[in-house]
Amino acid sequence: MTILGLKALMRAIDDLRATPEEMGALLSEVLESVRASRPKLIALIHLLRDFEEELRPHLEGDDTMVAKEAAIRLLQEKIEIYQRKAEAVTRHGLEHISSWNTILVHSASSVVTNILIEATRTRDLHFRVLVLQLDPVRTPQVNRTLEEEKIPHLIVPMHDLCHYQKDVDKLFLGALTVTPDRKVVAPVGTASVLSICHLAGIRSYLFANTLHYSRGAADTQQILTQRAAVEEAVGPYEVTTHLSLIHI
């Protein structure tokens with residue numbers, strides 16, 4: 001989402017027809033919307049805050065092309081910063097995979113999938129992945145990636161983890177946000193999975209780069225609440241879900 005957001009803003013600026021002053025006002029509106037995201041996209045917020053400060057001197061003149069070129073250059077630099085940090089986390093993650101491990105994953109975290117891909121491509125490690133079924137979007141994403149990389153894997157419902165936990169060596173997690181009060185915002189169900197792994201003695205690893213560290217406590221992160229109507233043969237009901245909040 002961070003890279004997609006930065007690239008989308010680059011395209012928007014490239015197509016923009018406005019004075020530098022008008023550009024500054026429009027960018028302020030965009031950045032305010034990003035800051036109000038649910039849940040907060042902390043990495044994107046950090047990078048856009050720095051971008052806004054660095055772009056300000058370039059908006060003081062009257063030349064629109066100069067301002068646009070500066071904005072696009074600065075956004076490209078932010079993309080490269082994010083990619084470098086993500087690559088550093090991937091390199092660190094490779095140190096925690098050994099051949100014949102069974103790795104448990106529970107989301108389509110790009111951090112975790114990149115670690116698994118690089119372990120196969122560059123280390124020639126032979127391991128298996130146990131994927132906990134999450135939702136109709138995330139689970140197929142993970143499955144498609146593992147199939148393309150020919151990584152042996154098995155997908156099971158989360159409530160069946162008890163039948164497989166004895167075979168699991170490690171749990172790999174990504175994070176939307178890490179807060180200063182030692183909490184992690186993560187996909188729905190992550191807290192439950194982590195609790196089971198702790199009880200079963202399964203080592204758990206959280207991978208995140210420093211751009212995901214928030215300056216605000218967990219209660220400022222605008223945890224998303226979703227409600228969905230469910231139709232069953234015996235009658236309809238409403239299901240409420242939240243992103244997980246994990247204590248570390």
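In which hand of crossing, left-handed or right-handed, does α1 pass α3? I found that α1 passes α3 in a right-handed crossing, where right-handed means that the near helix is turned clockwise from the far one by less than a right angle, and left-handed that it is turned anticlockwise.

Before going on I noted the ground rules. This is a predicted model, in which local features need pLDDT of at least 70 and side-chain atom pairs count only at pLDDT 80 or more, while totals for chains, interfaces and linings use all residues. Residues are numbered from 1 along each chain as its sequence is written, and side-chain values use heavy atoms, with hydrogens and water left out.

**The chain as a whole**

I counted 7 helices and 10 strands in the chain, taking helices (H or I, at least four residues) and strands (E, at least two) as DSSP runs numbered from the N terminus. The C-alpha atoms fill a box of roughly 65 × 50 × 35 Å along the principal axes. Of the 248 residues, 40% are buried (buried is under 20% relative accessible area, exposed over 50%, partly exposed in between, with a 1.4 Å probe and protein chains only). I also looked at contacts, meaning heavy atoms within 4.5 Å: among those with a separation of 6 or more, 76% join residues 24 or more positions apart.

**Helix α1**

The buried residues of α1 are T2, L6, L9, M10 and I13. Seen down the helix axis they fall within an arc of 105°, so they line one face of α1; the arc is taken from the directions from the axis to the C-beta atoms. An α-helix has 3.6 residues a turn, so residues three or four places apart point the same way. On the face turned away from the buried side I found the exposed residues L4, R11 and D15.

The buried residues of α1 pack against α2, α3 and α4. With α3 the packing angle is about 35° and the axes are 9 Å apart, axes being lines fitted to C-alpha atoms, for helices over the stretch in contact, and angles running from 0 to 180 degrees between N-to-C directions. In this pairing T2, G5, L6, L9 and I13 of α1 meet A43, L44, L47, L48 and F51 of α3.

**The nonpolar cores**

I then turned to the nonpolar cores, which are sets of buried Ala, Val, Leu, Ile, Met, Phe, Trp, Tyr and Cys residues joined through side-chain atoms within 4.5 Å. The largest has 24 residues, of which L48, F51, L55 and L75 touch the most other members. At least two residues of this core come from each of α1 (2-15), α2 (20-35), α3 (42-55) and α4 (64-94). Leaving aside neighbours within four places in sequence, L75 is in contact with L6, L9, M10, I13, L48 and F51. A second, separate core of 20 residues includes I97, V112, F127 and V129.

**Two loop residues**

Most residues other than glycine have a negative phi. I noted D124, with a positive phi near 50°, in the loop between α5 (110-123) and β2 (128-133), and R182, with a positive phi of about 60°, in the loop between β5 (177-179) and β6 (183-186). D124 is exposed, at a relative accessible area of 55%, and R182 is exposed with a value of 55%.
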